[in-house]
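Colleague: I have a chain to look at before the next meeting. Can you talk me through it?
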Amino acid sequence: MSDEKATAELEVSEEERREAEALARALERGTADEALPEDVLQTAALLRHGADGSALSEARERAILAEVLEIADELDAKRAEEPEAPPWWRWLMGALGVGVAVAVAILLVVRDPGPVE
């Protein structure tokens with residue numbers, strides 16, 4: 001009876017087989033289908049990280065670095081071409097601050113201190 005139980009536990013269902021195949025594809029490609037359950041995705045991530053520590057190959061490192069540097073150069077060129085004017089609200093806040101300061105100064109100068117005893 002224990003042999004039958006062990007054999008029954010070792011049999012793989014069709015769903016488990018599909019999940020295993022999807023996991024294998026995910027590990028091979030580096031991306032997963034949306035149909036994979038969350039626990040399978042976590043397992044794939046752990047297995048992939050455990051295999052090589054998520055280290056990038058030198059070719060992949062150079063490709064990523066080149067892409068990042070290209071994007072940075074484009075952003076620098078864009079900033080150099082169009083100097084950005086401050087937003088309108090900065091001007092409004094500056095004017096509001098000056099107005100409040102003038103009003104306080106006027107109140108302090110005009111205010112009647114009253115009789116001194």
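Modeller: A term to begin with: a salt bridge is a side-chain nitrogen of Lys or Arg within 4 Å of a carboxyl oxygen of Asp or Glu. This is a predicted model, where local features need pLDDT of at least 70, side-chain atom pairs count only at pLDDT 80 or more, and totals for chains, interfaces and linings use all residues. Residues are numbered from 1 along each chain as its sequence is written, and side-chain values use heavy atoms, with hydrogens and water left out.

Colleague: How many salt bridges does the count come to by this rule?
Modeller: One. The side chains of Glu58 and Arg62 form a salt bridge, at 3.7 Å from N to O.

Colleague: Where do Glu58 and Arg62 lie?
Modeller: Both are in helix H4, four residues apart, which is about one turn of the helix. Helices (H or I, at least four residues) and strands (E, at least two) are DSSP runs, numbered from the N terminus.

Colleague: Is Glu58 buried or exposed?
Modeller: Glu58 counts as exposed because its relative accessibility is 57%. Arg62 is exposed too, at 53%. The classes are buried under 20% relative accessible area, exposed over 50% and partly exposed in between (1.4 Å probe, protein chains only).

Colleague: Which residues form the negative surface patch?
Modeller: Glu67, Glu70, Asp73 and Glu74. Lys and Arg count as positive and Asp and Glu as negative, while His and the chain ends are not counted. Patch residues have over 30% relative accessible area and no salt bridge; like charges are joined within 9 Å, nonpolar side chains (Val, Leu, Ile, Met, Phe, Trp, Tyr) within 5 Å. A charge is placed at NZ of Lys, CZ of Arg, CG of Asp or CD of Glu.

Colleague: And Glu74, where is that?
Modeller: In helix H4, residues 58-81. Glu74 is partly exposed, since its relative accessible area is 48%.

Colleague: Which residues make up the nonpolar patch on the surface?
Modeller: Trp88, Trp89, Leu92, Met93, Leu96, Val100, Val104 and Leu108, with about 900 Å² of accessible area together. Areas come from the Shrake-Rupley method with a 1.4 Å probe; for residues, only the protein chains shown count as cover. Trp88 sits in helix H5, residues 88-110, and counts as exposed at 64% relative accessibility.

Colleague: Where is confidence lowest and where highest?
Modeller: Lowest in helix H1 (residues 2-10), at a mean pLDDT of 58, and highest in H5, at 89. pLDDT is the predictor's confidence in each residue, from 0 to 100. The chain mean is 77.
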